[in-house]
Amino acid sequence: MELQTVTGLIPIEDIKLADAHAHVWINPPKGVSPKYALELNHAQQIDAELKDFRSAGGTSLIDCQPGGCGRDARMLVKFSEAHGLHITATTGFHLERYYPSGSWLWSASELTALDYFMGELTSGLRENGDVLATTIKIGFEEKIEGQTRILMEAAAEAARRTGAALLFHTEQGVNAEELPLFFEDRGVPANRLYLCHLDKRPDFGLHRELAEAGVLLGYDTFVRSNYKPRQNVWPLLRQMVQRGFEDHIAIGLDLARSSLWQHYGGQPGLVYLPDTILSKLHSEGLSETIVSKLTAQNIAQFLVRCTPA
Ligand SMILES: [Zn+2]
């Protein structure tokens, strides 16, 4: 089985340690409110950070910034080639606040959005036609309504036609339970959905229900002290694994803010995954097989395009 990266198809076995919710590069377009204009656009600092990540054993990064709000696949290719890292790119859409006001996507028809997503999945990304999108991102702002609903319809159809996986930003998991039904009704099974930031809502019953439905759950608050990872995500992860749901979790860092990057002068940096998280998983007594699922194989298998319905 192979999955698409910014430099071509690779076998899933090549993914050995992945940040399953990464931000490698964000260059926010002009017109985004300064409050939401996250910047990760200093190539030198990013190069240094990626070098450390690779040296510490990291192999792969699932970039989660869609086009129009800061993605630049030309940079993703550069970083991938410079460091021998597997990087995947996403089409789709983020929350409206990350776009300049009046951005075309936020008044596009379903058909126009569908053409855009399909083009990026099958022909090439807008800013770099040599690169194909791996996933379709959905910025889910708590409710399935308005333009979000129109774009979700288009994303569902693009996923159905191409077999590409859907990656969701959720607002702290709010109303995440509504998503599997919406997509199943449109021919996209729950096992094609990857719901990120779900550990911001560390409700075991909810996580069990979603995992039983087949969803991949993104846990990515490990470095976010305001979400109290020691009291929340770690016990949740332990409980989920004890109950046999280790096939339904992917671990990410979500370092969208430069203050979390060491080479920007922040902490804890990308090496937190290969250094701290990995050793903590081992010290929890998890088997090598389970650790590999949580940090590499679940996300790798999920990203493989399935045969279109
Ligand atoms: Zn993110």
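**Getting to know a predicted model**

Trainee: How much of the protein chain counts as buried?

Mentor: Of the 309 residues of the protein chain, 49% count as buried, where buried means that 20 or more other C-beta atoms lie within 10 Å of the residue's own, exposed means 12 or fewer, and partly exposed is in between, with C-beta atoms placed from the backbone. This is a predicted model, in which local features need pLDDT of at least 70 and side-chain atom pairs count only at pLDDT 80 or more, while totals for chains, interfaces and linings use all residues. Residue numbers start from 1 along each chain as its sequence is written.

Trainee: And how many helices and strands are there?

Mentor: The protein chain has 9 helices and 11 strands, which are DSSP runs numbered from the N terminus (H or I over at least four residues for helices, E over at least two for strands). Its radius of gyration is 18 Å, close to the 19 Å of the globule rule for 309 residues, so the chain is as compact as a globular protein of that length; the radius is taken over C-alpha atoms, and the rule is 2.2 Å times the number of residues to the power 0.38.

Trainee: What share of the contacts joins residues at least 24 apart?

Mentor: That share is 76%, among contacts between residues at least 6 apart in sequence, where a contact means that two C-beta atoms, placed from the backbone, lie within 7 Å.

Trainee: Switching to helices, at what angle do α3 and α4 pack?

Mentor: Helix α3 (residues 110-122) and helix α4 (residues 146-162) pack at about 40 degrees, with their axes 8 Å apart; axes are lines fitted to C-alpha atoms, for helices over the stretch in contact, and angles run from 0 to 180 degrees between N-to-C directions. That makes α3 oblique to α4, since angles under 35 degrees count as roughly parallel, over 145 as roughly antiparallel, 65 to 115 as roughly perpendicular and the rest as oblique. The residues in this contact include F117 and L121 of α3 and I150 and L151 of α4, and by class the contact holds 10 nonpolar, 2 polar and 4 charged residues. Here Ala, Val, Leu, Ile, Met, Phe, Trp, Tyr, Cys and Pro are nonpolar, Asp, Glu, Lys and Arg are charged, and the others, Gly among them, are polar.

Trainee: How about α6 and α7, how far apart are their axes?

Mentor: Their axes are 11 Å apart, and α6 (residues 204-213) packs on α7 (residues 233-242) at about 45 degrees, which makes α6 oblique to α7. F204, H207 and A211 in α6 meet L236, Q239 and M240 in α7, a contact with 4 nonpolar, 2 polar and no charged residues.

Trainee: New topic: is the peptide bond from Q267 to P268 cis or trans?

Mentor: It is cis, with omega near 5 degrees, and P268 lies in the loop between β11 (249-251) and α8 (272-283). D254 is also placed in the loop between β11 and α8, and it has a positive phi of about 55 degrees although it is not a glycine.

Trainee: Is D254 buried or exposed?

Mentor: D254 counts as buried, with 22 C-beta neighbours inside 10 Å. Q172 has a positive phi too, near 55 degrees, but Q172 is partly exposed, with 13 other C-beta atoms within 10 Å, and its place is in the loop between β8 (165-170) and α5 (179-184).

Trainee: Last one, what does G68 touch?

Mentor: Not counting residues up to four places away in sequence, G68 touches Y99, S103 and L105. G68 sits in the loop between β4 (60-63) and α2 (73-83) and is buried, with 21 other C-beta atoms within 10 Å.
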